[in-house]
Amino acid sequence: MSTEPRLAEVTGPEPAQEAARGTDQAVKETLEDYTLRFAPRSYRRWTPMVVATTALGGIAYMADFSIGAGIGLAHGTGNALLAIAVAAVVIFVTGFPLAYYGARYNIDLDLITRGSGFGYFGSVITSVIFASFTFIFFALEGSIMAQGLKLGLGLPLWLGYLVSTLMVIPLVIYGMSALSKLQVWTTPVWLLLMVGPLVYLVATDPGTVDRFLAYAGTDGDGGVNTASVLLGAGVCLSLIAQIGEQIDYLRFMPPKTEANKRSWWTAVVMAGPGWVVLGALKQAIGVFLAVYIIAEVGASAAPEPIQQFKHAFDAMMPSWIVLPLAVALVVISQIKINVTNAYSGSLAWTNSFTRVTKRYPGRMVFVLVNLGFALALMEADMFSFLNSILGFYSNCAIAWVVTVATDIGINKYVLKLSPHAPEFRRGMLYAVNPVGVVSFVAASGLSIAMYFHALGDTLQPYSPVAAAVIAFVLTPLMAVVTKGRYYLRRTDDGIADPLLDEDGNPSAVAYTCHVCRQQFERPDVAACRTHDAVVCSLCLSTDKVGDHVLPAAV
């Protein structure tokens, strides 16, 4: 199939020079990593396994060790392991449809959310939630790195926070092309440093396993109870939004064909919902290492990953190498995850700002904004009240992810009230779709009220369950009530060529946008309202007066 432009250059009036100049910066930046838009086939040159390795490199964070340790210390090993398992199942099930859509149609989670029940402007609120996720976890990882720098180099914490923030800026400027190299080359070293101490401790001192399994926690007698499991699961479920960062990489998957379908599916499952398998394992290791430290030196340092691995390395290596290795593990992990946090957060902030203001300020502006929020959290010592922050945040994240996953799984495939092919372009969607917005607001609002004891102490541990159940029930119910009428503002984008090719992949046919004069593939353009030409999705987003936006279908 030809990839030449299908429409000739416009011979009518030129677009306003000011508007054209206003798109120059946007074009230059978004063509590096296709910020805010569909990732074209011509750019997706990586193999499925390279994309998967890059995506999995982003979950090298140390926060899992702290999260697992915190749950284990509070509720005991039995409750902690059950909580981790419950959260992992929920995250895997909800993450699967999102990962599939991101990889199959080459769009990020915000673009998926727009067409899966929220509408063009309705998904702004979920973009802000996702951006919050990235700077919360950036701050958490930065705090962990600062603890390592203090222990290893004697840096005061405030300076360690600043160093951990500034060092990622050069790495996050260049998007996917640079991040793929970083993640692929550092992953083997990270895996060796993480797994080696655990294997050694279990092999040389089997009693560590017995102490681990018998640990009762500080809030109970070691018995398993529902409230403890759900409270722990609520903290773990704050990570449910991690699927958004996985999709920021999975959107660069190559087209799915008969020849590559096995490796394609393996990569999507492994690097999509499968991230939680490694995440859950790290949380369980965090419980194990915390219990080990308690037996060795006491509970005060048990939640800190730098202390966990320092003592683990100390059991198997000469003392002179212990601290450098522990610091190296923490620094490598922090860099691997925080370049992803800074990158994904900048995409989310830019996405929201551009839609609301119809102006593209440049992604680097929001890299700095995201880092500023993260640095403020670190300086406020967020690490000391970590579980409270994550427990509250999880209610919003669960409501959002479950709503979108339900819209894809139920409304698209079972009820068939939601359009099967994802839509994200301005003019094609209603501003707000009550299906997703109402479901999300109701689920997050009620679950947050429960979390803050507004409905009584008995129901407080059940707030994550409430967020998931309400979103799961209301999403199809709202689709039935509205009869699916608020998904698409119009069904015809004014272009005759099909959106998908014969294999069901987004078409690679190229068109020239008559505003920015760049070529874009079929899913990223729509016909212009005022010219016999096409306009790319970003130029539609930044069209302040709506000259190019197609009218609503009558």
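Me: What should I know before I start?
Reply: Residues are numbered from 1 along each chain as its sequence is written, and side-chain values use heavy atoms, with hydrogens and water left out. The model is predicted: local features need pLDDT of at least 70 and side-chain atom pairs pLDDT 80 or more, while totals for chains, interfaces and linings use all residues.

Me: How many aromatic pairs are there?
Reply: Rings of Phe, Tyr and Trp (its six-membered ring) pair if their centres lie within 6.5 Å; planes under 30 degrees apart are stacked, over 60 edge-to-face, and the rest tilted. Here the count is 23 aromatic pairs. Take Y100 and Y101: their ring centres are 5.9 Å apart with planes at 65°, so this pair is edge-to-face.

Me: Is Y101 buried or exposed?
Reply: Buried means under 20% relative accessible area, exposed over 50%, and partly exposed in between (1.4 Å probe, protein chains only). Y101, at 0%, is buried, and Y100 counts as buried at 17%.

Me: Which residues have the most contacts inside the largest nonpolar core?
Reply: Such a core is a set of buried Ala, Val, Leu, Ile, Met, Phe, Trp, Tyr and Cys residues joined through side-chain atoms within 4.5 Å. The largest has 132 residues, and L98, F137 and W400 have the most contacts inside it. Apart from it lies another core of 19 residues, including Y511 and C516.
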